[in-house]
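Student: I would be grateful for a close look at one part of this protein, the annotated active site. Please describe its residues and their surroundings.

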Amino acid sequence: MDMEQTQPQPQERRPDSLKEAFEWIESFIGVLAPLLLVMALLGRPATVFGISMMPTLQEGDRLLLQQIAYEPQLGDVVVIDRNTQEESNLIKRVIGCAGDVIDIDFQQGVVYRNGEALDEPYINEPTFLQMDVEFPVTVPEGCIFVMGDNRNHSDDSRDSEIGMVDTRRVMGKALFRFFPLDRIGGIS
């Protein structure tokens with residue numbers, strides 16, 4: 001009779017297993033919910049499509065964006081909403097802000113902001129590709145001038161189809177690459 005009392009009955013273990021499963025689910029939700037809330041409020045993921053930001057960013061890189069209280073600054077890598085379902089968002093570097101005069105010497109491949117040549121260690125090659133925008137240009141209020149780091153393989157503000165970008169279309173600043181794992185780190 002003592003043996004029957006010491007062995008747990010199958011019915012007794014079942015509620016304990018369910019209780020343990022619910023505790024695991026509750027713990028998982030307790031960790032996941034705040035993480036999702038922080039991501040929703042402070043950041044947003046984005047994916048790089050194309051080669052226009054090489055060598056800084058590669059096709060398929062996954063980025064975390066800063067969105068809350070972000071104002072575009074010179075040199076930032078930003079994601080821009082194209083306002084269309086057919087085309088992916090643009091990922092470009094801010095070269096000029098409101099009031100800046102941008103000029104490009106396509107013979108020498110040099111970009112100038114307010115008369116000074118930019119020091120651009122991040123570019124893949126000098127800027128030789130001229131599109132249909134005439135230079136110099138002045139960036140209007142509420143807009144930015146953007147270019148890809150892979151200058152001769154980038155559709156950017158040099159093309160009137162993109163032109164000056166309204167800052168309201170800026171989805172955020174690329175802060176951090178979280179994939180692929182071998183390239184994880186901040187964006188400069």
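Tutor: In the unreviewed UniProt entry, the annotation "active site" covers Ser52 and Lys92. These positions are spread over 41 residues of sequence, yet they cluster in space, with a largest C-alpha distance of 7.9 Å. Both Ser52 and Lys92 are included in the lining of the largest pocket. The model is a predicted one, and the description below should be read accordingly.

Ser52 lies in the loop between β1 (43–47) and β2 (62–66). Its relative accessible area is 13%, so Ser52 counts as buried, the cut-off being under 20%. Leaving aside residues up to four places away in sequence, Ser52 touches Ile91, Lys92, Gly148, Asp149, Asn150, His153 and Ser154.

Lys92, for its part, is found in strand β4, which comprises residues 90–97. Lys92 is likewise classed as buried, because its relative accessible area of 3% is under 20%. With residues up to four places away in sequence again not counted, Lys92 touches Ser52, Met53, Asp76, Val77, Val78, Val146, Met147, Gly148, Ser154, Asp155 and Asp156.

In summary, a loop residue, Ser52, and a strand residue, Lys92, are joined by a polar contact between their side chains.

Methods
Residues numbered from 1 in each chain as written. Predicted model: local features only at pLDDT ≥ 70, side-chain atom pairs only at ≥ 80, totals over all residues. Heavy atoms only, no water. UniProt positions renumbered as here; feature names shortened; annotations may be inferred. 1 Å grid on protein atoms, 1.4 Å probe; cavity = no way out; pocket = protein on both sides within 12 Å on 5 of 7 lines; lining within 4 Å. Helix = DSSP H or I, 4+ residues; strand = E, 2+ residues; numbered from the N terminus. Buried < 20%, exposed > 50% of the residue type's maximum accessible area, 1.4 Å probe, protein only. Contact = heavy atoms within 4.5 Å. Polar contact = N/O pair within 3.5 Å; in protein donor to acceptor, adjacent residues only side chain to side chain.
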